[in-house]
Amino acid sequence: MLRVMDMKRRTILLLSILLWLTTMLSTVRAQQSCPMVKMEVQRLPNLNIPRIGHSVFCINGEIVAAGGHTNGFVPTATAEYFSNGEWHLMQMAYPHDQGAVAVTANGEVLLAGGHEKELGIGQTFTVELYNHSTHGFKGYGCLDKRRAFAQALPLDSGSIVISGNWYQDDGIELFDGSRNDKFVKPVSQHRSLPYIIRTAPDNAIIFSGRDFRAEPFDTIVIDRLKGEPFTVTLFETWQPFYNHIGNHGSCFIGDETKGEYVNLIQVMRGDSLMAIARVKGDDFSLLPTVSPIPMQSQWGRICWFSYIMVDRRVDKAYVVGYGEDKGDHRLYVAAIDYLKTPAPVTLLYSEPQDSIGRYQPVLTADGDLVLVGGILAPNNNFDASSTVLLLRVGTEKSAPQESRQTLWLWLAVAVVLIVLAAAVVILRLSTKSKRPTSIYQNDQTASLPNDQSEELLERIRHYMEEQKPYLNAELKVQDVAHALNSNRTYISNCIKSAYGCSFSQFVNSYRVKHAQLLLKRNKDMKLSEVWMASGFSTEMSFFRTFKAIAGITPKGWMAKK
């Protein structure tokens with residue numbers, strides 16, 4: 001009896017080690033498809049005034065932080081520019097706390113709107129211009145509507161499209177250099193912090209996933225500066241990324257001289273999956289990537305907070321995030337080589353940082369990113385940051401890191417094979433015993449009474465159908481166990497007993513059904529969009545799993561419908 005129990009303990013120990021090593025191997029494999037590269041972060045001198053809600057831009061090689069509010073949620077009508085290793089204070093006409101900013105055709109910077117009072121109360125009509133050659137601000141004119149949380153975008157003509165509002169009606173207006181902005185047309189949906197994207201030299205589209213109270217839309221309608229509103233199938237399954245932190249970044253990847261107006265935006269599937277969408281005119285499609293945008297690192301979950309920044313000189317797009325789990329004070333950057341098909345994704349990470357300010361980064365003349373001030377803690381507008389961090393992404397070198405990952409991959413494979421062989425030998429020896437079956441077999445057959453097993457199975461089915469956790473490419477049995485207040489052994493055994501398959505096979509069956517539903521409803525939907533929208537981690541796994549479950553390829557299945 002003691003000998004059998006000893007074998008059981010050894011078996012459990014070896015199986016636990018095998019599970020851990022398998023998890024580590026999966027992590028290494030994931031890093032192979034999305035390599036991790038250590039990123040240098042340099043602390044620049046602090047701002048003179050801590051800021052949130054300010055406008056940040058780089059012009060003539062100088063970084064400028066203008067307006068916003070400081071500690072206590074009090075607006076500040078000051079700005080500062082970085083030159084010769086220090087920040088120089090300037091006086092503004094208005095604070096433009098959570099206002100709009102745009103660089104005009106002649107190199108001047110337009111700042112417009114913002115909150116009227118402290119605590120983010122009200123909106124303003126105010127407009128002013130910044131002249132970088134004189135480092136001076138000048139109150140210039142008046143918006144057509146009082147606005148806060150608005151966005152502004154210059155057209156090729158030099159006119160600037162302005163839209164978006166906060167707790168007030170929205171509309172579309174144009175700044176053309178005159179003293180008063182001109183109302184163009186009403187909007188189909190009143191939005192806050194909308195995307196404004198050029199689609200032609202004199203045209204743009206405006207959209208957002210949130211209304212003027214930051215509530216999500218049931219159906220997202222896209223307005224045109226010139227033309228009728230429209231909807232796209234992509235937004236039936238994905239939502240445009242939305243964040244109150246700073247103005248939208250630079251997302252244009254086209255070529256105006258060739259008449260190519262193409263942009264990149266982030267889209268979200270709940271809060272657990274991010275992808276990159278390519279916008280060309282009225283066409284919205286997912287950008288195929290080698291691997292999904294990582295939502296966690298080896299240290300914990302990543303919270304992506306910035307909008308896309310594009311460096312067209314090196315054809316790379318950047319998104320910035322921070323470690324969300326307690327103790328992980330690292331900064332992260334997802335770097336996407338968007339011109340390659342599929343686009344490689346690299347995860348850059350920093351050493352732990354103190355007092356990280358979270359705000360929309362600005363791209364420097366050297367191709368690096370700078371975080372200037374910002375919010376110190378989620379939902380806290382009263383404690384502003386004065387820190388300035390230079391993220392050296394323009395000089396990244398990934399080859400050494402990739403080599404180390406390859407070495408670790410082979411070591412992990414070797415160790416897993418050795419432990420697996422040992423586990424198999426011990427299991428065979430234990431099955432020869434005349435004693436009752438092993439504890440592993442007991443878990444398979446007697447982990448739960450029949451009535452409790454049926455109840456758990458019904459809860460699993462209800463959770464999968466109602467919450468759709470399978471749309472998360474990183475879903476694990478532990479996640480389902482946590483959601484159902486159960487444990488992973490019960491979940492796995494329950495599924496295997498009822499369906500004769502593993503947890504991953506069970507989840508993939510839901511993913512294939514979801515993909516079939518998308519293909520049936522949207523016959524023009526691209527397969528690259530379908531697999532990402534259905535929870536698959538790679539295109540290869542989508543095609544392999546679809547054929548294994550449906551008995552036919554996705555294209556063959558579509559041809560029969």
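**Salt bridges, surface patches and cysteines in a predicted model**

Asp282 is partly exposed, because its relative accessible area is 41%. Here buried means under 20% relative accessible area, exposed means over 50%, and partly exposed lies in between (1.4 Å probe, protein chains only). The model is predicted: local features need pLDDT of at least 70, side-chain atom pairs count only at pLDDT 80 or more, and totals for chains, interfaces and linings use all residues. Residues are numbered from 1 along each chain as its sequence is written, and side-chain values use heavy atoms, with hydrogens and water left out.

Asp282 pairs with Arg224 in a salt bridge, at 2.3 Å from N to O. A salt bridge is defined as a side-chain nitrogen of Lys or Arg within 4 Å of a carboxyl oxygen of Asp or Glu. This pair links distant parts of the chain, 58 residues apart. Arg224 belongs to strand S19 (residues 223-224), and Asp282 sits in the loop between strand S22 (273-280) and strand S23 (283-286). Helices (H or I, at least four residues) and strands (E, at least two) are DSSP runs, numbered from the N terminus. Arg224 counts as buried because its relative accessible area is 17%.

The salt-bridge count comes to 19. One of these joins Asp170 to Arg147, with the closest N and O atoms 2.9 Å apart.

Glu324 is placed in the loop between strand S27 (316-323) and strand S28 (331-336), and Arg301 in strand S25 (residues 300-304). These two residues are 23 apart and link distant parts of the chain. Glu324 is partly exposed, at 40% relative accessible area. Arg301 is also partly exposed, at 27% relative accessibility. Elsewhere, salt bridges that share partners join Asp156, Arg198, Glu256 and Arg312 into one network.

Patches are made of residues with over 30% relative accessible area and no salt bridge; like charges are joined within 9 Å, and nonpolar side chains (Val, Leu, Ile, Met, Phe, Trp, Tyr) within 5 Å. Lys520, Lys523, Lys560 and Lys561 form a positive patch. Lys and Arg count as positive and Asp and Glu as negative, while His and the chain ends are not counted. The place of a charge is taken as NZ of Lys, CZ of Arg, CG of Asp or CD of Glu. Lys561 is located in the segment after helix H11 (554-560). Lys561 is exposed, at 56% relative accessibility.

The nonpolar patch consists of Leu119, Ile121 and Phe382, which together have about 270 Å² of accessible area. Accessible areas come from the Shrake-Rupley method with a 1.4 Å probe; for residues, only the protein chains shown count as cover. Phe382 occupies the loop between strand S31 (369-375) and strand S32 (384-392). Phe382 is partly exposed, at 42% relative accessibility.

Leu456 is in helix H5 (residues 450-467). Leu456 is buried, with 4% relative accessible area. Its C-alpha atom is separated by 8.7 Å from that of Ser486, 30 residues away along the chain.

The structure holds zero disulfides, a disulfide being a pair of cysteine sulfur atoms within 2.5 Å. Cys142 is partly exposed, at 26% relative accessible area. Cys494 is buried, at 4% relative accessibility.
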